[in-house]
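Have the viewer open while you read.

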Amino acid sequence: MPDPIPSPPSYPVVGHALTGVIDPVTPTLSYRLLREKYGRIYELNFYGRPLIVVSSQKLVNELCDETRFHKNVSGALEEVRHGAGDGLFTAYHGEESWGIAHRILMPAFGPQQTLGMFNDMLDINSQLLFKWERFGPDHPIDPTDDFTRLAFDTVSLCAMSYRVNSFYQEELPAFVRAMGGFLVESGRRAQTPHMMQGFMHKSNTQYEADIKLMVDLCDKIIAQRKAHPEGAKNDLLNRMLEGKDPKTGRGLSDANIRNQLITFLIAGHETTSGLLSFTCYHLLANPSTYTKIQAEIDEVLGNDPIQLSHLPKLVYTNAVLRESIRLNAPLGMLNVTPNEDTIIGGRWEIKKDTRCVVEINGLQRDPEVWGDDAEEFRPERMLDGKFEALPPNSWKPFGNGARACIGRPFAWQEATMMMATMLQRFDLRFDDPSYHLHLKQTLTTKPKDFKMHAIPRRGARPIVGPGSLAGPQTTSPETAEKHDARPAEVPVGTGIPMYVYFGSNTGSCESFAQNVVSDALAHGFRAVIATLDSIDELAKVHYDGPMIILTASYEGQPADNAAHFVEGLQRLAPEKRPLTNLKYAVFGAGNRDWAMTYQRIPTLIDSKMEQLGAERLMERGRADAGGADFFGEFDKWEKNLWETLNKVYTPSTIEQPTEVPEEEEEFVVTVTGTARQIRLRQPDLRDSKVLENRLLTKPGAPEKRHIQFQLPEGMEYAAGDYLAILPKNPDVSVRRVLKHFNLQPDTKIEIKTKASTTLPTDEPIRLHDLFSEYVELAQPVTQRVLDQLLQFAPKDNVRLRDLLTDTKTAVFDKRLSALDLIEMYPDINIPPTKFVKLLPSMRIRQYSISSSPVAKPGECSLTVSIVRAPSLGGHGEFVGVASNYLAHLEVGDTVCVAVRPSAAKFHLPADTTKPIVMFCAGSGFAPMRGFIEDRAEQLAVGREVGKTLLFVGCRAPDEDLLYKDKELKKWQESGAVDVRPAFSRASDASYGCKYTQDRVWNDRADVKALYREGARFYTCGMSGMSNACREKCVDMIMEEMNCTQDAASQKFQDIAGERYSIDVFG
């Protein structure tokens, strides 16, 4: 008896049509979540018509057997027939016209014929490169738009010798716009019952107009060719007009020729533009791969124009394209249907004519083929015979068998040429270094909101197209100077130039960099600020002033906006001393809890720059983000920085500024301004809606809350990722500062300054909004801030004199803020404009997501500890900025959020049967809840799931065992998790174990057993708990191996690299 195919809950009659199981905007995301929940085969039903979705290579291999299955033109593809008719892509199975056209056209896409299109391809290729060069390095490029123009113009010229000239038009050509609208509407109609389509009058009118425009243009081209055949190239159009089918002797009708032209234009431009856009994204997101592909292109092409002979030598480029289209196949589905009733996988029956789809993005991520790192971009998996050795039908971006894409060689040659000429000529950089991939879907898939910069490479040859000079020319010195390195913003005004660069994910190093820039004018410097990745080539940095670098290290990896800089730095040759005469200083942030990689990136940058010939101005600064004096360490370093710079840069070497511009003191009322996430340099943040905010703990226990969000459209995550939040200061804090300065909340001010700042300048802002949204009011003061505050205090004040005798005890140990101090010591008579300048910029906070996307697609939750405690200063209450902002959110409120991926290891294993063991305490339970929910959802639909063991620490079972009575109880009863709590105030209820580490040791036999079964281990919580659990694991190794502690520690380090992941805070 065949097994039932898993299926989500559905409604009578309509099936899954109105359940929201498939998001009409980004169905690719829906299919991913369904795959993760139900497995690699499941069934959907739309209005009584079953749809079986398959993504396992073993099952797909059966579906690709053309003796058992054939292509099924249905769904969106059947709607496309309204415009493309019986073209190669949309012809029905067995339709006679398909066989005739296929036999006539197949020779036209042979190797020799495709190579013969090289010059036409290069012609259009050059037009795109010319456009990028004209716009310059500071222009944000929409690669999807430009690659669409490239592919469309290339298909038009090569297939029918017709020039669209889209690079000479500001808007996309009318045909391309009509085709885009046609494809979008075809997708919508596929999800709409036929009986309803007749009522969509406006949509139908536009749909028919788009089809008419496409048909009319193709008919016009055919008519012109037939009227003037003399001198015509033997292109695809000519072959269709004159060719005869070798089997039947028949030719193609004009209507079929038109359908083929529309098909070529749809398929040809959609596939190539998507492939190139995704490839650019993956290269920018993976700097080491970017370096390798550009090195290969430089080695193969050098400074010569691209030739046919270069193409087979671009081996790594070919691997990059294969890997890119593996992860992001432009066409996500392959439709087939069985010739007769059949069984697949030896388990599941499929009836004749049932619609089956191969989910290509799932197939090409099957861990049984691609391994546990299937989600990672790694072109090396396509090299050295590995691609050829793949199991059959593992890689299917171009379709299957006789109905596979006839133009694959054409698209591949076009894409290879574009990658080679583009990277030979330009350095690419993200417009927004924090950008993470979002998808935009029509019939195919492309990146959404992805922009980049193309910076001409120094010494690159002029852009060459057919008929251009192809000699070994290089960019002229004038051109090279014109397109010199970014930052595009060069310091203006008087004073010594200074270039401040930061690498930061969470905002701390960016805030430090902003402090340096803000203080620069007072020390005679004119500074600019930019990300490290804005430096497109280190050999072109400015030498007329110091280069100051402030950057973080995240588990030994660079920040997202410093990755390309670090990669480029490492590939420079020290023996050439390319940075001679450059003076620099480095400040590094890190977390000592990652002892093996603490300060790795700042240390690497510092040492490498010295090796490359740069002169270190001072000893590298370092600060521990998990330490008690994180901000104070920066202040000490900055103080030393200015002392050092004032010794090195004197009026005798570089002219000092004659005056420091005065600050604007006036409050003026005007009108609105820029979104704060842009001002605060967080452009990836988008608006999210609060769906739920509930208390999890009992009265008397530290408050913890569950907050559910509706994510912005297209924003996706995996269990274990972070949600970045841009908070606001508590109203009580804002009222305090307004009251102190006797200011009205609705008063508007306009800030004017010549220094770089994250505050809104030259536009109005309410005082309440300024203090609520743009500055940190609760951040503890540093010595620098304290010194500046005391400049506004009388020198003979007794209370202040007492304060200065022991600032460590009176100020720093109590973690007093600048606001605390001016309230406690009213004699500090600082003007409000000066006070604002002292305050650091509002930073984002990152919280571990506590949900799984497979449970509620499009939503995510946070599990947050609310920080409230008596002020150490002895007055009032200290409230955490972000946690209290979250605590006071109400249903329907809007919050600025962005998903930030966690470390690659801090995700569930691809193999759902692999056991996992989790150690946590308090709100460190957040990511563990997401892992458990993910597995609970899989278990509920019959998936095989490995043992899930949770060790969790809290106070008492009736106080703060989070989610105890609802989710956790349900998951335990279903077998999704085995919970081992440790109660610090009720240890008798946890086998005498007070803390997580105690319970881990008590239950070590179970931990060891799961380790032997291949379990992955995860830790999340405060550093003390994390370190204690690590020590218990080392003790287990000592016990098991009967070895010394040093030997056990080394063994643990060997294991941890692959199987032990930590996420530590505090």
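## A pair to start with

Which side chain does Glu-776 meet in a salt bridge? The partner is Arg-845, at 2.5 Å from N to O. Keep in mind that this is a predicted model.

As for where the two sit, Glu-776 is in the loop between helix H25 (767-773) and helix H26 (783-790), while Arg-845 belongs to strand E24 (residues 845-848).

## More charge pairing

Side chains of opposite charge can pair when their charged atoms come close. Searching the whole structure turns up 72 salt bridges. One of them joins Arg-425 and Glu-133, with 2.0 Å between N and O. Here helix H17 (residues 408-425) supplies Arg-425 and helix H6 (residues 118-135) supplies Glu-133, and the two are 292 residues apart. Arg-425 counts as buried because its relative accessibility is 4%, below the 20% cut-off.

Asp-298 and Arg-457 make another salt bridge, at 2.7 Å from N to O. Asp-298 has a relative accessible area of 30%, which makes it partly exposed, whereas Arg-457, with 16%, is buried.

In soluble globular proteins, nonpolar side chains tend to be buried together. The largest nonpolar core in this model has 104 residues, and the members touching the most others are Trp-132, Phe-147, Trp-395, Met-422 and Leu-428. Helix H12 (residues 254-285) is the top contributor to this core, giving 13 residues.

Zoom in on Leu-428 and, leaving aside residues up to four places away in sequence, you'll find contacts that include Trp-132, Cys-280, Tyr-290, Met-422 and His-453. There is also a second, separate core of 47 residues; Ile-765, Leu-789, Ala-818 and Ala-898 are among them.

Tyr-11, Leu-18 and Tyr-47 make a nonpolar surface patch of about 330 Å². Leu-18 is in the segment before helix H1 (27-38). Is Leu-18 buried or exposed? Leu-18 counts as exposed because its relative accessibility is 57%, over the 50% cut-off.

Definitions and conventions
Residues numbered from 1 in each chain as written. Predicted model: local features only at pLDDT ≥ 70, side-chain atom pairs only at ≥ 80, totals over all residues. Heavy atoms only, no water. Patch = residues over 30% accessible without salt bridge, like charges linked within 9 Å, V, L, I, M, F, W, Y side chains within 5 Å. Areas by Shrake-Rupley, 256 points an atom, 1.4 Å probe, with all protein chains shown as cover. Salt bridge = Lys/Arg side-chain N within 4 Å of Asp/Glu carboxyl O. Helix = DSSP H or I, 4+ residues; strand = E, 2+ residues; numbered from the N terminus. Buried < 20%, exposed > 50% of the residue type's maximum accessible area, 1.4 Å probe, protein only. Core = buried A, V, L, I, M, F, W, Y, C linked by side-chain atoms within 4.5 Å. Contact = heavy atoms within 4.5 Å.
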